[in-house]
Every structure is written in structure tokens, then in C-alpha cells.
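Q: Hi, could you walk me through this model? I'd like to go through it bit by bit.

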Amino acid sequence: MIIKILGPGCANCANLEKAAREAVAGLGLEATFEKVTDYPTIAGYGVMSTPGLVVDEKVILSGRVPTAAQVRELLAPLTA
């Protein structure tokens, strides 16, 4: 699983990465994390409001920072 955090590297981006890492650990998954800070690349995903969360090239969240539990809920169907 490849998880990308889209954003300029702000505090919200760091908080999203932390929540995503906690969620992955809580689900017992293995994932590679990447940070995407290039605005044209971010826009290429259709994300106009950061931070954004991309899992295996699919945008699953943008414009807010969820809790680790909310990220777990978003990731669970992708692991089935």
C-alpha cells in the first residue's frame, strides 16, 4: 500500500501523516508513505484544498485533518 500526503508541509499535513501512520499501525498493515509538496502534482489529483490523503493513487480525503480512527474507517474497505 502506498500512502501519499498531499500538501505544502504545514502543520495540518504533519497531523494527517501522524493520523494515517497510527491508522495503518492499528490495522496491522504495511504501507509506504510519501510526501507530495509539488502544487501541479497535487492539482493533478484534483485536490484543491490540502491536506490530501491518497491511497494507491486514489484520493480518499482532502481539505481536513481526520482522527486516526476516521482514517482507519477510510482504509478498512481498501484492505478487504
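Q: How are H1 and H3 oriented to each other?
A: H1 and H3 are oblique to each other (angles under 35 degrees count as roughly parallel, over 145 as roughly antiparallel, 65 to 115 as roughly perpendicular and the rest as oblique). Before we go on, this is a predicted model, where local features need pLDDT of at least 70, side-chain atom pairs count only at pLDDT 80 or more, and totals for chains, interfaces and linings use all residues. Residues are numbered from 1 along each chain as its sequence is written, and side-chain values use heavy atoms, with hydrogens and water left out.

Q: At what angle do the axes of helix H1 and helix H3 cross?
A: Roughly 60°, and the axes of H1 (residues 11-27) and H3 (residues 68-79) come within 8 Å. Axes here are lines fitted to C-alpha atoms, for helices over the stretch in contact, with angles from 0 to 180 degrees between N-to-C directions. Helices are DSSP runs of H or I with at least four residues, strands are runs of E with at least two, and both are numbered from the N terminus.

Q: Which residues make the contact?
A: From H1 there are Ala19, Ala20, Glu22, Ala23, Val24, Gly26 and Leu27, and from H3 there are Ala68, Val71, Arg72, Leu75 and Ala76. Contact means heavy atoms within 4.5 Å.

Q: Switching topic, is Lys4 buried or exposed?
A: Lys4 is buried, at 13% relative accessible area (buried is under 20%, exposed over 50%, partly exposed in between, with a 1.4 Å probe and protein chains only). Lys4 sits in strand S1, residues 2-6.

Q: Which side chains does a polar contact join to Lys4?
A: Those of Tyr45, at 2.9 Å, and Glu57, at 2.6 Å. A polar contact is a pair of N or O atoms within 3.5 Å; within protein, one must be able to donate a hydrogen and the other to accept it, and residues adjacent in sequence count only if both atoms are side-chain atoms.

Q: Where is Glu57, then?
A: Glu57 is in the loop between S3 and S4. Its phi is near 70°, a positive value in a residue other than glycine.

Q: And what about phi of Asp56?
A: Asp56 has a positive phi of about 50°, although it is not a glycine. Asp56 is in the loop between S3 and strand S4 (58-62), and it counts as partly exposed at 47% relative accessibility.

Q: Last one: is the peptide bond from Thr50 to Pro51 cis or trans?
A: That bond is cis, with omega near 5°. Pro51 lies in the loop between helix H2 (39-44) and strand S3 (52-55).
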